[in-house]
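Below are some notes on the model. They follow the structure as numbered points.

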Amino acid sequence: MITYEWLYILTGGFFLVWSLLSLRDAKWGNAAFWGLLAASFLFGSHLSDFANGVLVLALVGIAGLGLLKRSDPATTTLEERQAHSDRLGNRLFLPALIVPLTAVAGTLLYNYTPLSESGLLAERRETLILFSLGTLIALTSAMLWLRPPVLAAAEEGRRLLDSIGWAGILPQMLAALGAVFALAGVGDIIGGIAGAIIPDGSIFLTVVVFALGMALFTMIMGNAFAAFPVMAAAIGIPLLVEGYGGNPAVIGAVGMLAGFCGTLMTPMAANFNIVPAALLELKDQNAVIRQQVGTALPLWVCNVVIIYVGAFLLWS
Amino acid sequence: MNYWPLAGIAIVVAGFALRFNPLLVVVTAALVTGVLAGLDLVAVIEALGKAFNDNRYISVTWIILPVIGLLERYGLQQRARAVIEGIRGATMGKLLTIYLLFRQITAALGLTSLGGHPQTVRPLVAPMAEAAAEKSHGELADEDREKVKAMSAATDNIGLFFGEDIFFAIASILLIQGVFESYGYPLTPLQLSVWAIPTAICAFIIHGWRIRSLDRRLGRAGA
């Protein structure tokens, strides 16, 4: 059976190559950073929790000291790229489309045919496994078709990786922070505070506090999934459903979406907000968030109205 | 109740506001929060290491970078621009609105991996939006170019977030179902997912309007 462990070995191999190329390029900080990450992928499952923790501290130390630099491996000029683009035409899109199509078509095929009973892929892991497979197919076919210099794909990947830099592991680091917050009982404290500031007797204001709690706690955690169980337990279920008799389906579904409005406004949701700013080489790290606030705020108001109307006015 | 663990949140907010390195901010917050909650430092480092290790799957997606980089070496971004330049009447407003709708509908069908920042936004959507904006407004100032790129990324996020919950087998729907069930309210995923539709429509209207108004603002600045 193909499990995540296979993907970790594969990914570890990629980071190891990037580490070695950084070494050759005399970028010592980058070599150490990507080398440690390669070690995490290749050996993390066999290290103790403490050793993994020390590895995390070392990664953060390198990034915190500013030792991670952008790199500039040899590549084609703008004129050459324009000429290639004219020569190759729209066929250039095909390798790029292989990855999402393999992930999507493969997931559908796997789940809706007897293939899922074969147990070939680990349960609920099929999309990422198929995404990785699509990446390998796309990379191989692009290399066979374009015949680039041997190291070109790895070097172009390194250019992009170094332009993303530390932001590349921020999402993973934030997930780890979420786990520590949970261990320290931060959710229960927030839920207690939110539950205590509810004004008595007003359904509408209770809906507002519930939706506000979802958005704010999501902004803190970077993730509506962490906020939902806390806010549902503090306000959604005891007050809105049991106290005021609201429709639980609306309160649950739209409450979560009020949290998603928070996701649009926080640097803590790094893979959606910070990583793309790095990928697009924007000067302002928060540029994506700035474009999202103007949508998130009115949409949050819509969610409050939808909960109030759908769960109470239409329900009773 | 011990409110001290909340200091970690204050560190995150202050650290991001003062623009310290975010990795440094996050790990400091984790260590402080754990210690203030009464755990010893070694236990906090262990918890951090275990959680980082368990979440490695999040960073697997970076293996796509060599494909994207290689195609860019051979002019993928130039190609994306050429396609838009070839379409008569293409504007940034129309392009991003169509992408928003495409992302919402495909996400609602469970096809969330059809978009994404490394896969589609950087190599395709952002250069196309830039080309379309330049087609109607001429050469863009750096500041406006940044806005168009950021709006492309924002459109991907908003299309994804406010489409995916209409698909009943998505993780967030299953989480809502699980939480309500544990309190004695059995709900079906379908009961929940239909209630994602009103918000999805609002999201399309609000964000579609904001895309158009950015397009119009660029026009005025260029005039």
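How many residues of domain 1 of chain A are in contact with domain 2 of chain A?

1. Four residues of domain 1 of chain A are in contact with six of domain 2 of chain A, a contact being two C-beta atoms, placed from the backbone, within 7 Å. On the domain 1 side, two of these are nonpolar, two polar and none charged. Nonpolar covers Ala, Val, Leu, Ile, Met, Phe, Trp, Tyr, Cys and Pro; charged covers Asp, Glu, Lys and Arg; the others, Gly among them, are polar.

2. This is a predicted model: local features need pLDDT of at least 70, side-chain atom pairs count only at pLDDT 80 or more, and totals for chains, interfaces and linings use all residues. Residues are numbered from 1 along each chain as its sequence is written, while chains are lettered from A and ligands numbered from 1 in the order in which they are written.

3. Domain 1 of chain A is 1-169 and domain 2 is 185-313, with bounds from an automatic or database domain assignment. Their centres, over C-alpha atoms, are 33 Å apart.

4. Chain A has 14 helices and zero strands (DSSP runs, H or I of at least four residues and E of at least two, numbered from the N terminus). Its C-alpha trace spans about 70 × 45 × 45 Å along the principal axes.

5. Between the chains, 116 residues of chain A meet 94 of chain B. The chain B side holds 63 nonpolar, 19 polar and 12 charged residues.

6. Ala253(A) touches residues of chain B including Ile176(B), Leu192(B) and Trp195(B).

Methods: Lists of a residue's contacts leave out its neighbours within four places in sequence.
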